[in-house]
Amino acid sequence: MRESTRGRRKFRLLVAGYGLLALVILMGLVTQGTVRIPLSDIIRVLGEELSLIPSTLDDGGTQEAYRVILLKLRIPRVVMAFIVGAALATSGLIFQGIFINPMAEPYVLGVSSGAAFGATVVAIFGIGGSFLGFSMVSLGAFLGALLTSFLVFTIAQGNRSNQMTVLLLSGIAISFFLSSLISLMMTLNRDVIENIFFWTMGSVSTATWDKIFSVGTGITLGIGIFIYYAQELNIILTGEDSAKALGVNVKRVRSILLYTASLVTALAVSVSGIIGFVGLIVPHGVRLLFGADNRRLLPLTAITGGLFLSITDMIGRTVVPPMEIPLGVMTALLGTPYFIYLLVRRKR
Amino acid sequence: MNALNQEAYRISNLSFGYNDEVMILEDISTALPRGKVTGIIGPNGSGKTTLIKNLSRVLSPDKGSIFVLGKALTGYRQRELALVTGMVFQEKETTFEFSVFDLVMMGRYPYKKKFEMENDEDRLKVLEALEKTDVLELKDKCFTALSGGEKQRVMIARALAQEPEILILDEPIAHLDLHHQVEILNLVRRLVKEKQISVLMILHDLNFAYGFCDEVVLLKSGRIYKQGDPRQVITKENIKQVYEADIDIILDHRTNRHHIIPAY
């Protein structure tokens with residue numbers, strides 16, 4: 001009779017342990033870079049910054065240099081990668097759930113190309129300046145992602161009998177359309193190609209604490225909403241009609257999750273550009289290992305997605321210094337083999 | 001009031017169509033008895049599934065009204081309705097890998113507040129339901145790994161865990177072998193007898209409809225052709241009219257049971 005209670009306690013321990021492990025790994029990632037910074041120095045800088053330990057006397061500039069590298073560059077970047085990874089992975093998980101389709105992913109639904117399109121428009125028309133610490137390009141990406149996803153959902157809602165198919169197909173169609181427009185604009189405006197290229201490849205190199213706080217808050221709230229509706233989503237997955245019969249307000253839960261997931265994706269994309277694949281492979285990988293219960297999957301997927309992206313970013317920025325391999329390229333290169341391994345292993 | 005207490009459903013002038021041109025259900029008015037097994041029969045496309053989806057509010061009628069246990073269907077809150085009616089549909093089954101136990105536990109959803117933990121009572125109800133439908137030993141298995149018949153029994157277990165007053169089943173024995181067909185129908189009878197619940201089920205097999213139902217509703221092109229005691233409804237003439245097929249009804253003198261066989 002107690003199995004399930006014990007199971008839940010075990011699961012909480014698992015999540016807590018995993019979270020701790022993630023923290024240790026993130027600290028390890030921070031030590032890596034063109035300048036290696038020993039863990040002891042990281043702890044000292046962090047301790048001083050949080051006024052946990054008294055400030056040590058400067059030993060000729062090294063400390064100060066570490067401080068700047070850590071606080072201004074490296075830690076924000078690792079944290080940003082973690083947040084973006086968690087956002088993309090959990091919203092991918094939610095998209096797959098609400099569309100009852102394992103293929104669903106921000107990219108397929110047009111969200112990512114919408115973001116790139118928005119960024120491109122802003123870059124080409126040379127709208128400068130910033131708003132709440134965000135560049136106009138970020139804002140353009142955010143709006144592009146939101147507008148595209150709403151457009152796709154509206155098209156699908158017009159067709160009641162075949163919503164899911166129409167949704168995926170219109171998402172793919174609009175993606176292609178926008179990608180063509182982006183290519184067209186790039187051809188006509190060769191001078192800003194570099195800037196747009198950044199959006200289509202993905203990067204967290206421009207991370208700042210301001211961005212982390214604003215985007216991070218939105219994403220955390222979003223993931224909270226996902227967790228709030230996790231059991232409803234479980235029930236919807238077993239059949240829409242049966243879910244209604246069990247008292248789930250299918251329409252409402254589905255649209256809340258849909259819009260929240262689009263927002264979370266748009267927030268992530270606005271600071272990172274297009275990073276494909278994380279929303280697809282991370283949730284599937286976690287599902288293959290831990291089963292289908294979204295109440296369990298959400299925390300595990302968030303941590304795994306975050307770790308995956310911050311590790312990937314660390315490798316991307318350290319393997320061929322001073323060059324950086326774009327994040328979008330790294331996620332596909334590292335993610336695909338592991339994903340295929342999981343699929344094959346499961347067959348047996 | 002007394003008449004209402006005898007009724008699970010009262011349906012007045014119910015019409016429904018998926019689009020404006022073709023009506024699937026046309027002007028149905030009837031009452032379905034409480035505490036009995038009611039079978040819904042009729043040829044493919046006669047509106048059986050559409051009817052039960054209207055009764056369970058999965059679909060909303062274009063015209064007419066439905067009362068459930070004396071209260072208007074539209075007046076129920078979604079969760080409140082889930083405490084009264086449990087349903088098993090013929091659905092495209094999930095490809096997501098839930099364990100049988102977790103799946104049946106979802107039947108307890110309408111009883112739970114947000115973030116309320118499942119307690120020993122819930123677990124007991126789930127195990128009971130699993131036992132009744134003979135799938136207890138599968139409880140830790142993954143749903144997607146089960147056979148069609150096992151899946152069907154798990155879905156029925158989930159509806160039982162919901163402890164409804166009315167149980168609606170869409171072809172509950174469609175994918176089952178002979179042993180489990182009889183088992184499920186006996187279970188249905190037992191539930192009606194012991195717990196006084198009302199069962200409404202779509203059946204294709206006229207023999208089972210004849211032998212297991214207290215009442216049958218015979219649908220033809222979205223209208224009720226006949227309703228009442230199976231012996232009065234499932235007759236050579238009615239079946240000929242509705243199914244355009246000839247049958248013979250034979251009395252087996254040893255068991256004193258009637259058998260319906262297609263004549264060809």
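Predicted model: local features only at pLDDT ≥ 70, side-chain atom pairs only at ≥ 80, totals over all residues.
Residues are numbered from 1 along each chain as its sequence is written, while chains are lettered from A and ligands numbered from 1 in the order in which they are written.

**View 1. An open sheet in chain B is built from four strands in the order β2-β1-β4-β5, with antiparallel pairing.** Helices (H or I, at least four residues) and strands (E, at least two) are DSSP runs, numbered from the N terminus, and two strands pair if DSSP finds at least two bridges between them. β2 (25–33) and β5 (71–72) of chain B stand at the edges, each with a single partner strand, so one side of each has no neighbour in the sheet. Helix α2 (residues 48–55) of chain B packs on this sheet and touches β1, β2 and β4 (63–68) of chain B; a contact needs C-beta atoms, placed from the backbone, within 7 Å. The direction of α2(B) makes about 115° with that of β1(B), where axes are lines fitted to C-alpha atoms, for helices over the stretch in contact, and angles run from 0 to 180 degrees between N-to-C directions.

**View 2. Strand β1 (residues 7–16) of chain B pairs with β2(B) over six antiparallel bridges.** On the β4(B) side, five bridges join β1(B) to its antiparallel partner.

**View 3. Helices α4 (residues 111–124) and α5 (residues 136–158) of chain A pack at about 140°, with their axes 6 Å apart.** The two helices are therefore oblique to each other; angles under 35 degrees count as roughly parallel, over 145 as roughly antiparallel, 65 to 115 as roughly perpendicular and the rest as oblique. Residues making the contact include A:Gly114, A:Phe117 and A:Gly118 of α4(A), and A:Gly140, A:Leu143 and A:Gly144 of α5(A).

View 4. B:Arg57 has a positive phi of about 65° although it is not a glycine. With 18 C-beta neighbours inside 10 Å, B:Arg57 counts as partly exposed. B:Glu244 is exposed, with 8 other C-beta atoms within 10 Å. For these labels, a residue is buried if 20 or more other C-beta atoms lie within 10 Å of its own, exposed if 12 or fewer, and partly exposed in between.

**View 5. A:Arg74 lies in helix α3 of chain A.** With 23 C-beta neighbours inside 10 Å, A:Arg74 counts as buried. Not counting residues up to four places away in sequence, A:Arg74 touches A:Val30, A:Gly33 and A:Ile69. A:Leu29 is 45 residues from A:Arg74 in sequence, and their C-alpha atoms are 8.9 Å apart in space.

Conventions:
Contact = placed C-beta atoms within 7 Å.
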